[in-house]
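Dear colleague,

Please find below the structure that I am handing over to you. My notes on what was found in it follow directly after.

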Number of protein chains: 2
Amino acid sequence: MRIKAIVSYDGSEYKGWQRQPHGNSVQQAIEKGLAEFHKKEIIVVASGRTDAGVHALGQVIHFDTDLTITEEKWVRAMNRHTPRNIHFIKAEIVDDEFHSRFHTTGKTYEYRFSLEPFNVHRYKYCTYVEKKLDVDKMIEAADVFVGTHDFTSFCANTLIETPNQVRTVNEISFRKEGEEWVVTFSGDGFLRYMVRMLMATLMAIGEGRITKEDAKNWLEAKDKRVCRFNAPPNGLYLKEVRY
Amino acid sequence: MRIKAIVSYDGSEYKGWQRQPHGNSVQQAIEKGLAEFHKKEIIVVASGRTDAGVHALGQVIHFDTDLTITEEKWVRAMNRHTPRNIHFIKAEIVDDEFHSRFHTTGKTYEYRFSLEPFNVHRYKYCTYVEKKLDVDKMIEAADVFVGTHDFTSFCANTLIETPNQVRTVNEISFRKEGEEWVVTFSGDGFLRYMVRMLMATLMAIGEGRITKEDAKNWLEAKDKRVCRFNAPPNGLYLKEVRY
């Protein structure tokens with residue numbers, strides 16, 4: 001039987017999603033929990049990796065099991081066997097064909113930043129920007145990236161591993177939540193570091209270091225060398241995965 | 001020269017304020033930082049201890065130094081030499097007579113709790129209550145504790161170490177910040193566990209386990225055995241210390 005589950009985690013306490021030889025990864029923590037009550041090894045597949053420090057509100061995973069437990073009890077069982085910084089929200093029994101990585105049709109990320117003074121209780125969950133940012137300029141420039149584009153300039157994937165770097169971004173929107181800005185990125189898929197590189201480019205525009213025109217030129221250049229910006233991981237959340 | 005400083009810290013990463021033989025305490029982290037640029041040991045005195053897991057927004061400390069640095073540069077120097085989870089907000093050169101513990105005239109604490117579903121990014125900063133709480137009942141009951149009372153029943157100090165357990169609570173007020181409730185406790189001073197025991201008692205009233213009358217009787221009993229409740233440390237913040 002295949003189980004699909006939605007899971008949130010505090011990325012500040014892990015070296016990213018993926019299993020590491022000596023590392024503390026979210027995948028290992030979940031697999032360890034599942035192994036505890038399956039009494040055997042269970043391999044978990046996620047919709048995609050998240051890097052060290054990156055958070056999840058709605059990461060989607062799947063795994064195969066021969067235990068027959070109700071969906072509600074799956075959530076409780078998994079939360080009992082994983083640390084508190086990993087929290088399962090939902091579990092579903094799905095068709096054996098379902099694949100959390102190969103069948104995604106879209107993802108939404110959020111990026112949190114703040115222009116307020118550094119807050120010791122929030123810095124792992126929000127990027128504190130010491131420089132002045134003109135957020136209106138950032139909002140205005142964001143439409144450069146919306147639509148279907150070749151994002152070669154704004155990701156870390158090599159063209160050998162990922163020959164097609166064309167992706168569709170449906171939405172980049174800004175909202176204020178208390179003292180924090182939350183930027184929503186929605187699209188059919190995002191390349192490695194793509195959200196953080198787009199975010200950092202928008203921040204450079206807000207700072208006045210580059211212009212909207214520069215961003216446009218960089219996008220058209222399809223050149224890994226043009227964008228040197230990468231926003232810190234702590235502000236990034238994988239919000240939702242669609243199928 | 002004596003320096004008074006205001007410091008915030010993430011209590012979830014420390015075993016409390018006080019120096020420990022094998023522990024990771026806030027005091028040790030600050031003293032280590034000060035020793036780095038003084039090239040000698042510096043002893044730091046705080047307005048009071050905070051327990052493991054308890055946060056500070058405005059803890060006040062003092063120490064003596066022979067370095068002549070401007071007040072602004074003190075803040076920067078201390079932030080450079082302490083981990084990011086400890087953050088200095090202000091420093092002041094004060095009279096040599098000033099004492100951060102003995103001269104306090106009042107303190108304010110905040111306690112955060114939430115009735116919303118568990119949030120993996122907030123549980124170290126807010127207490128998630130799974131039971132239903134009638135917050136109106138809690139607000140209504142809080143006035144039992146306001147005023148000058150003998151808080152023997154609501155603290156962990158023995159009567160030998162602290163013969164006088166009379167304190168004045170000026171304010172217990174509730175406000176909502178997003179999904180979290182924030183309860184402010186202001187008074188001339190608080191005994192060990194006092195805020196957490198009062199908070200837990202109010203929660204028990206909100207839950208319907210005890211009544212406002214019970215709380216009143218417990219207060220009047222001046223008996224260490226009556227109150228068995230203690231709210232978790234993670235929701236508690238030392239907000240302000242007055243002199």
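In these notes, helices (H or I, at least four residues) and strands (E, at least two) are DSSP runs, numbered from the N terminus. Please keep in mind that this is a predicted model.

Chain A as a whole

On that basis, chain A has five helices and 10 strands. Its radius of gyration is 19 Å, close to the 18 Å that the globule rule gives for 243 residues, so chain A is as compact as a globular protein of that length. Along the principal axes, the C-alpha atoms of chain A fill a box of roughly 55 × 40 × 30 Å. Buried residues make up 54% of the 243 in chain A. Among the contacts in chain A with a separation of 6 or more, 70% are between residues 24 or more positions apart. The chain exposes about 11,500 Å², and 49% of this area is supplied by carbon and sulfur atoms.

Strand β5 of chain A

How many of the residues of β5(A) are buried? The strand spans residues 106–114, and nine of its nine residues are buried. Both of its faces are covered. On one side are A:Gly106, A:Thr108, A:Glu110, A:Arg112 and A:Ser114, and on the other are A:Lys107, A:Tyr109, A:Tyr111 and A:Phe113.

β5(A) is joined to several strands of its own chain. Six bridges connect β5(A) with β10 (residues 236–242), and the two run antiparallel; here A:Thr108 has A:Glu240 as its bridge partner. Eight bridges connect β5(A) with β9 (residues 180–187), again in an antiparallel arrangement, and A:Glu110 stands opposite A:Thr184.

The loop between β5 and β6 of chain A contains A:Tyr123. Is this residue, A:Tyr123, buried or exposed? The cut-off for buried is under 20% relative accessible area, and A:Tyr123, at 9% relative accessibility, therefore counts as buried. A:Tyr123 is 11 residues from A:Arg112 in sequence, and their C-alpha atoms are 10 Å apart in space. Not counting residues up to four places away in sequence, A:Tyr123 touches A:Phe118, A:Tyr128 and A:Asn234, together with B:Arg84 and B:Asn85 of chain B.

Strand β9 of chain B

In chain B, β9 covers residues 180–187, and eight of its eight residues are buried. B:Glu180, B:Val182, B:Thr184 and B:Ser186 point one way from the strand, while B:Trp181, B:Val183, B:Phe185 and B:Gly187 point the other way.

Which strands are joined to β9(B)? One is β5 (residues 106–114) of chain B, which runs antiparallel to β9(B) and is joined to it by eight bridges; B:Tyr109 stands opposite B:Phe185 there. Another is β8 (residues 166–177) of chain B, also antiparallel and also joined by eight bridges, with B:Trp181 as the bridge partner of B:Lys176. β8(B) and β9(B) form a hairpin with two residues between the strands, in which B:Gly178 takes a positive phi near 60 degrees.

Helices of chain B

Helix α2 of chain B (residues 71–80) has B:Trp74, B:Val75, B:Ala77 and B:Met78 buried. The buried residues of α2(B) pack against β1 (2–9), α1 (26–38), β3 (55–64) and β4 (86–94) of chain B.

Helix α4 of chain B (residues 194–207) contains B:Arg196, which counts as buried at 9% relative accessibility. Leaving out residues up to four places away in sequence, B:Arg196 touches B:Asp51, B:Val54, B:Tyr111, B:Asn230, B:Ala231, B:Pro232, B:Pro233 and B:Leu236.

B:Gly206 is also found in α4(B), and B:Gly206 is buried, with a relative accessible area of 6%. B:Gly206 and B:Lys132 are 74 residues apart in sequence, yet 7.8 Å apart in space, C-alpha to C-alpha. Its contacts beyond four places in sequence are with B:Lys132, B:Leu133, B:Asp134 and B:Met138.

Yours sincerely

Terms used. Residues are numbered from 1 along each chain as its sequence is written. Chains are lettered from A and ligands numbered from 1 in the order in which they are written. This is a predicted model: local features need pLDDT of at least 70, side-chain atom pairs count only at pLDDT 80 or more; totals for chains, interfaces and linings use all residues. Side-chain values use heavy atoms; hydrogens and water are left out. The radius of gyration is taken over C-alpha atoms; the globule rule is 2.2 Å times the number of residues to the power 0.38. Buried means under 20% relative accessible area, exposed over 50%, partly exposed in between (1.4 Å probe, protein chains only). Contact means heavy atoms within 4.5 Å. Accessible areas come from the Shrake-Rupley method with a 1.4 Å probe; for residues, only the protein chains shown count as cover. Two strands pair if DSSP finds at least two bridges between them.
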